[in-house]
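Reader: I have a structure to look at and some questions about it. Can we go through them briskly?

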Amino acid sequence: DLREASYTMGPASPTVRGQFLGFYAVPLVARGQVVGALEVLQLQPLDPDPDSEWQAYLHAFAGQAALA
């Protein structure tokens, strides 16, 4: 829940905090190298359960995106 976050997320932090309540990031890893990150921002708090279906889908998507 970004309303409770005490850290900044870069230059857009005030805008991000004003609009979004959920944030999640997944590294994009290709051939053992981190080549970027896939970030998800949501208007509602995200489900924190690490076994949730959306997190499994996001990690699978990030794996494919890193190879593209």
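Reader: Which element of the chain has the highest mean pLDDT?

Author: This is a predicted model, and the chain averages a pLDDT of 79. Among the elements, helix α1 (residues 13-19) has the lowest mean, 58. Where pLDDT is low, the predicted coordinates should not be read in detail. The highest mean, 91, belongs to helix α2.

Reader: Is Ala66 buried or exposed?

Author: Ala66 sits in helix α2. Its relative accessible area is 10%. Buried means under 20%. So Ala66 is buried.

Reader: Which residues is Ala66 in contact with, leaving aside its neighbours within four places in sequence?

Author: Start with Val35, which is 31 residues from Ala66 along the chain. The C-alpha atoms of the two are separated by 7.0 Å. With neighbours within four places left aside, the contacts of Ala66 are Leu28, Val29, Ala30 and Val35.

Reader: With which side chain does the side chain of Ser52 make a polar contact?

Author: Ser52 lies in the loop between β2 (33-42) and α2. Ser52 is buried, at 7% relative accessible area. A polar atom of its side chain lies 3.1 Å from the backbone oxygen of Asp49. The side-chain partner, also at 3.1 Å, is Trp54.

Reader: How many aromatic pairs does the structure hold?

Author: A pair of aromatic rings is described by the distance of the centres and the angle of the planes. Counted over the structure, the aromatic pairs number two.

Reader: What kind of aromatic pair do Tyr24 and Trp54 form?

Author: The ring centres of Tyr24 and Trp54 are 5.0 Å apart, with 75 degrees between the planes. Planes over 60 degrees apart count as edge-to-face. So the pair of Tyr24 and Trp54 is edge-to-face.

Reader: How many residues apart in sequence are the parts that this pair ties together?

Author: Tyr24 is in strand β1 (residues 22-30), and Trp54 is in helix α2. Both residues are partly exposed, Tyr24 at 22% and Trp54 at 26%. The pair ties together parts whose separation in sequence is 30 residues.

Reader: Why is the pair of Tyr57 and Phe61 stacked?

Author: Tyr57 and Phe61 are four residues apart in helix α2, which means about one helical turn. Their ring centres lie 6.4 Å apart. Planes under 30 degrees apart count as stacked. The pair is stacked because its planes are at 20 degrees.

Reader: Is Tyr57 buried or exposed?

Author: Tyr57 has 58%. The cut-off for exposed is over 50%. So Tyr57 counts as exposed.

Conventions:
Residues are numbered from 1 along each chain as its sequence is written. This is a predicted model: local features need pLDDT of at least 70, side-chain atom pairs count only at pLDDT 80 or more; totals for chains, interfaces and linings use all residues. Side-chain values use heavy atoms; hydrogens and water are left out. pLDDT is the predictor's confidence in each residue, from 0 to 100. Helices (H or I, at least four residues) and strands (E, at least two) are DSSP runs, numbered from the N terminus. Buried means under 20% relative accessible area, exposed over 50%, partly exposed in between (1.4 Å probe, protein chains only). Contact means heavy atoms within 4.5 Å. A polar contact is a pair of N or O atoms within 3.5 Å; within protein, one must be able to donate a hydrogen and the other to accept it, and residues adjacent in sequence count only if both atoms are side-chain atoms. Rings of Phe, Tyr and Trp (its six-membered ring) pair if their centres lie within 6.5 Å; planes under 30 degrees apart count as stacked, over 60 as edge-to-face and the rest as tilted.
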